[in-house]
Amino acid sequence: MSITGIAAPADTYTIAVIGAGGKMGMRVSNNLVKTAHTVLYSENSPAGQEGVREAGRELTETPEAVRDADIVVLAVPDLALGPVTADIVPLLKSGAIVLTLDPAAAYAGLLATREDVIQAVAHPCHPSIFLQRTTPEEYADTFGGIAAPQDAIAAIESDDPAKAAIVEATVRAIYAPVIDVHWVTVKQLAQLEPTLVETIACMVGALLKEALDEAVNTMGVPEPAARSILLGHTQVALANGLRGDNPFSDACLIAMDYGKEAIIKDDWKKVFRDDELDANLARMLHLDKIER
C-alpha cells in the first residue's frame, strides 16, 4: 500500500504504551523516553510494574493513559490483544490510533474496533545482515532499536495522511534508529510476518543450528571448525543467493540441488496461500479457526 502526501505530524503528541513493563514494552519505552512526546506507561503485572519503576518511569492506570492519547502502542502478547482492545477501544477519543506491533491478531480480525478509531500495525525489520556497521554497539545490536539502523514495515486502516504521519513518526521513534518505513496492507504484512520471515527464514536459521549440532555430535567434527565453516558459508550463501555477489560453483549447484531434493518438499510454496496463512495464524493464536 502506498501512502502519499504524508504531512509532517505535530511536533509532539500523546502516546500511551500498554504493556510497558514487558520485553517489547521496555524496548519501545526506552526509545520513547528520548523523545519530546508526552508518553504514558501502563502495566498490569507486578513484575512489569517494578521494571517500569526501576527504569525511572511513572506508571499510569490504563483508562487514564489511553483517554487522551493520540496513539496507543499495544506492547502486549498476541493472545492478549483481543481482551485488551475490548477494554480500551471504548475509552479512546475519536480519531485515536491503536498501533499493534505484530499483524497476526489484526489480520485475524481479533481486535476490538470502532468506526472512529484507526487501526495500524508496525513491525521492525531488524538490522540487515548486510548492514555496514562501524561501531561495537552496532555490531552487538542484532535485534535493532538500540544502535544498529533498521527498516520497519507499517500498515494503517486510514487514508488520512496526517494519521499516517503520526504512525510513521511513532514507528521511527520506537524502533530507532530507522532508515526507511515501508507501507503495506495488513494482509501483506501478515504474509511477510509470519510467512516469509518466521515460517521460512527463522525455520532455516533453526535448521542450520540443528545441522551444526549433527556435524558436531554425530559426525564428531570439532565444534570450532564446524561453527567457523558454517558461519562463513552462511554469509556467502546469503550474499550470493540474495544479492548475486558471486556465482555458486558448478559443484555447489549440484550439492544444492541434492539438498533441495532431500530436504525440501516440492509443494513448499503453498505456505504463501491465503488458506495456509490462516491455518498458520490459527495455530500461532491457538484458534480453531480465524473469523474475519
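**Note on salt bridges, sheet and helix packing**

1. The side chains of Asp 70 and Lys 93 meet in a salt bridge, with N and O 2.8 Å apart. This is a predicted model. The pair links distant parts of the chain, the two residues being 23 residues apart. Asp 70 sits in the loop between helix H3 (62-67) and strand E3 (71-74), while Lys 93 sits in the loop between helix H4 (78-88) and strand E4 (97-100). Lys 93 has a relative accessible area of 32% and is therefore partly exposed.

2. The structure holds 11 salt bridges. Another of them joins the side chains of Glu 168 and Arg 172, at 3.2 Å from N to O. Here both partners belong to helix H7 (residues 161-174) and stand four residues apart, about one turn of the helix. Arg 172, at 29%, is partly exposed.

3. Arg 273 forms a salt bridge with Asp 275, and their closest N and O atoms are 3.0 Å apart. Both residues are partly exposed: Arg 273 has 41% relative accessibility and Asp 275 has 44%. Together with Glu 276, Arg 273 and Asp 275 are linked in a network of salt bridges.

4. Seven strands make up an open sheet with mixed pairing, in the order E2-E1-E3-E4-E5-E6-E7. Strand E2 (38-42) and strand E7 (178-183) are the edge strands, each pairing on one side only. From one strand to the next, the twist averages 25°.

5. At the E2 end of the order, strand E1 (residues 14-18) pairs with E2 in the parallel sense, over five bridges. Val 17 has Tyr 41 in E2 as its bridge partner.

6. Helix H8 (residues 186-217) lies across two strands of the sheet, E5 (118-124) and E6 (150-156). The helix runs at about 25° to E5.

7. How do H8 and helix H11 (residues 274-284) cross? Their axes come within 11 Å and cross at roughly 70°. The two helices are therefore roughly perpendicular to each other, since angles of 65 to 115 degrees count as such. On the H8 side the contact includes Lys 187, Ala 190, Pro 194 and Glu 198; on the H11 side it includes Asp 274, Leu 277, Leu 281 and Met 284. By class, this contact has five nonpolar, four polar and three charged residues.

Key. Residues numbered from 1 in each chain as written. Predicted model: local features only at pLDDT ≥ 70, side-chain atom pairs only at ≥ 80, totals over all residues. Heavy atoms only, no water. Pairing = 2+ DSSP bridges. Axes fitted to C-alpha atoms, helices over the stretch in contact; angles between N-to-C directions. Contact = heavy atoms within 4.5 Å. Parallel < 35°, antiparallel > 145°, perpendicular 65-115°, else oblique. Nonpolar A, V, L, I, M, F, W, Y, C, P; charged D, E, K, R; others polar. Salt bridge = Lys/Arg side-chain N within 4 Å of Asp/Glu carboxyl O. Buried < 20%, exposed > 50% of the residue type's maximum accessible area, 1.4 Å probe, protein only.
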